[in-house]
Amino acid sequence: MTTTQPGTGTPAAGGPDERFAGSPAPGRDGIEGLAASWYVALRSAQLKRGPTPVTLFGQELVAWRDADGYPVVMPRHCPHQGASLALGRVVDGCLRCPFHGWRFDASGRCVHIPRAERIPSTARQATYPTDERYGYVWVWYGGDRPAFAVPDFPPLTTSRGRYLGFRYSDRTRGTARMLLENAVDYHHFLTLHGLELDRVEFRMLAEPDQAVDNGAPIDGDTWFGSWFEGTTPKLSPSRHPWRWLIQAATVFGTGRHFQLLVDGWSGGQRFTMYADGREIHKVLLAITPTRDGDITQLGWAGVRRTGRPWRTMLNFALLYAQSRAGTAQDIPIYNTTRAEHGGFHVPYDKGVLRFRHYYQRWVDPTEPKR
Amino acid sequence: MSAFASAEPTTVPTDLDLASGWYIGMRSEQLADRPRRLPLFGRDLVAWRDGTDEPVVLAGHCAHLGASLALGRVVDGCLRCPFHHWRYDASGACVHVPGLPQRPRIARVRTYPTVERHGYIWVWYGGTTPLYPLPGVPALDAPRGRYRTYRFSRTTPASPRRVLENAFDFYHFMTLHHVKSKAPVDLTMLTEQSQAAENGPPMPADAWIGAVLESRGLAVPRAIRAVGVKTDRFSLLVDGWPGGQRLTFYLDGTVMAKELLGVTPVAAGHTVMQGWTLVPRTGRLARDTALFWMYRAQHWLGTREDLAIYRTAAPDGHAVPVRYDHSVLRFRKYWAGWVDHARRAEAET
């Protein structure tokens with residue numbers, strides 16, 4: 001559990017900028033090998049004004065909204081006698097403990113104790129930095145100040161109307177690293193997922209600007225990007241009807257060239273998929289690290305509207321089917337893989353190894369780069 | 001067991017002190033065309049059948065990124081990893097990696113020697129080469145009709161050693177199992193394998209341990225007398241290797257039942273004891289049926305009494321031995337020798 005350190009906190013949150021300024025660093029010892037990053041605590045719609053219990057990083061926390069509606073995430077149990085603050089209420093923009101009525105403001109400081117003359121300086125809760133975007137409440141793990149802002153994802157903000165999408169959420173027993181390195185492990189698209197592609201090409205991207213199609217560039221230290229492409233073989237629909245159908249679905253019936261742009265940060269990813277250079281869909285991948293061996297991958301996936309409603313609907317149905325089928329193939333692997341039993345690497349693993357190197361920099365308990 | 005004894009399981013040892021030997025991995029019919037996860041020896045293994053239908057047991061995770069091979073498929077007699085389709089042959093060598101011009105020569109996963117016999121897949125623990133073939137129970141290969149048989153399988157937190165030393169703890173037959181005898185029950189350690197020929201063929205001398213338990217004043221229950229057993233001479237011949245035992249029960253020199261007891265060390269604090277019981281048929285249906293069910297009932301009741309002790313006993317190691325424990329101590333010494341062997345052999349793999 002986290003410890004509270006008196007006197008080092010920041011004043012109560014006032015404006016959007018100060019939302020990043022959490023009080024004393026909540027511990028980073030919750031989940032072995034988890035990178036410092038932004039993670040999803042819960043859906044925005046799940047957090048009403050009243051407090052809601054959440055478990056993140058192996059710790060029991062409580063989420064609530066302050067007077068301005070900004071989300072606050074802090075340890076769930078009152079520092080007084082340990083009652084669950086999730087049973088409490090938000091009163092005057094402060095969370096009130098159900099047991100003896102202690103009130104905590106958005107910075108975690110105890111601001112009111114009924115019938116007490118003085119509020120002990122140790123009466124405070126550590127809070128996590130939070131943000132709210134894309135319909136999710138995000139929490140920063142790894143210190144009291146986020147090293148970067150939650151990255152941009154236009155389909156859920158500025159270009160919302162141009163996409164037709166759905167949200168997904170799947171629990172796994174894997175690790176966050178496993179879920180993220182999957183995107184750069186391009187060879188598994190061909191084997192586990194059975195994509196039939198010739199002239200496969202994979203490369204790591206050098207500059208965040210190369211991934212600008214995914215959204216505003218992510219800060220260089222934080223960023224990781226890759227490009228994957230291949231060509232579907234020419235097949236006759238009458239001689240290989242099933243294979244023909246699968247590969248038509250692979251490129252959404254648009255040309256023969258499959259291309260995938262991936263970039264992300266230490267706790268999530270953005271994808272754009274193209275067929276013959278034309279954008280077909282985008283995906284946002286985020287993670288909820290509940291505890292060791294209980295990690296949820298979640299996010300949004302949507303097709304770019306084509307201008308022809310029936311075509312958009314067809315693409316949407318194909319994306320939905322592909323997404324669910326792919327997840328159904330990935331999840332059992334995540335659930336049962338023991339990375340420590342592997343370790344024999346071959347040339348096509350360079351993306352995975354590069355990713356692991358990058359990821360480890362965000363795991364190591366040194367102060368993350370800013 | 002004292003009335004005050006706690007029914008709560010005590011803490012189990014975290015390390016599996018296993019002896020080198022043949023252990024039951026799983027029942028034969030549990031392994032068909034698809035590979036299957038096999039938790040054994042406290043490890044995560046995978047079992048599958050190769051092109052000739054022989055069982056293969058390998059370390060359960062791919063040498064590449066560690067995916068579970070139990071999710072894979074058998075393709076062309078090789079086990080194919082689900083993740084990147086690396087293929088492993090029965091020796092655990094990686095024989096094919098899609099997307100590479102040639103296979104990586106040193107990629108392999110560990111293989112465990114196996115043999116399929118008596119309806120079980122047996123797995124050798126203690127190095128990569130078995131020191132001797134599995135000593136079988138010939139009675140189980142006898143023509144159908146010679147014996148009535150049944151299988152048993154019970155799970156216990158006890159260690160394999162405790163399960164196997166039980167037969168050498170002759171005193172507990174009188175105390176725990178309430179065997180009544182006018183003359184004292186006595187146990188003699190065997191010195192020659194020929195003395196245990198009734199159980200089956202010999203095995204290497206140092207892998208073998210045997211004893212005979214005898215009583216000349218057994219109070220035979222009335223139900224058994226009713227079916228024509230008029231004796232008070234009872235004996236039990238037990239012999240085995242580290243990992244399994246063969247038993248023959250006699251009344252008045254006549255075989256009443258035989259047993260094969262195998263042990264499956266799943267993990268620390270999780271052992272399965274399983275095997276076969278055989279009761280000879282004499283041709284007299286009513287008598288055979290009565291004896292079969294009486295034997296089975298006493299076996300079930302006796303096992304229940306043992307399991308209650310196993311569930312609640314302190315982990316192995318605490319012992320104030322007395323004179324009648326000589327045979328248990330002999331067994332423990334024999335077992336410890338094979339634990340040492342296993343440690344050395346496993347360290348070399």
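**View 1. The second largest pocket, in chain A.** In this predicted model, 37 residues line the second largest pocket. A:Phe189, A:His193, A:Gln322, A:Ser323 and A:Gly326 lie nearest its centre. A pocket here is an open set of points on a 1 Å grid over the protein atoms alone, where a 1.4 Å probe fits, with protein on both sides within 12 Å along at least five of seven lines; lining residues have an atom within 4 Å of a point. Elements giving two or more residues to this lining include α2 (187–191), α3 (241–250) and α4 (309–336) of chain A. Helices (H or I, at least four residues) and strands (E, at least two) are DSSP runs, numbered from the N terminus. The largest share, 12 residues, comes from α4(A). The volume is about 980 Å³, taken as the space filled by probe spheres set on the points, which are joined across faces, edges and corners.

**View 2. The largest pocket, with B:Tyr295 among the residues nearest its centre.** Its volume is about 1200 Å³. The lining holds 42 residues. B:Val179, B:Phe249, B:Gln298 and B:His299 also lie nearest the centre. α4(B) gives the most, 11 residues. By class the lining has 28 nonpolar, 10 polar and 4 charged residues. Ala, Val, Leu, Ile, Met, Phe, Trp, Tyr, Cys and Pro count as nonpolar, Asp, Glu, Lys and Arg as charged, and the others, Gly among them, as polar.

**View 3. The interface of chain B and chain A.** Here 21 residues of chain B contact 22 of chain A (heavy atoms within 4.5 Å). The two chains bury about 1800 Å² between them, 67% of it on carbon and sulfur atoms. Buried area is the accessible area (1.4 Å probe) lost on putting two parts together, summed over both. The chain B side has 14 nonpolar, 7 polar and no charged residues.

**View 4. A salt bridge between B:Arg87 and B:Asp76.** Their side chains meet at 3.5 Å, N to O. B:Arg87 sits in strand β7 (residues 87–88), and B:Asp76 in the loop between β5 (73–75) and β6 (78–80), 11 residues apart. Over all chains the structure holds 30 salt bridges.

**Notes.** Residues are numbered from 1 along each chain as its sequence is written, and chains are lettered from A and ligands numbered from 1 in the order written. Local features need pLDDT of at least 70, side-chain atom pairs count only at pLDDT 80 or more, and totals for chains, interfaces and linings use all residues, while side-chain values use heavy atoms, with hydrogens and water left out.

Technical notes: A salt bridge is a side-chain nitrogen of Lys or Arg within 4 Å of a carboxyl oxygen of Asp or Glu.
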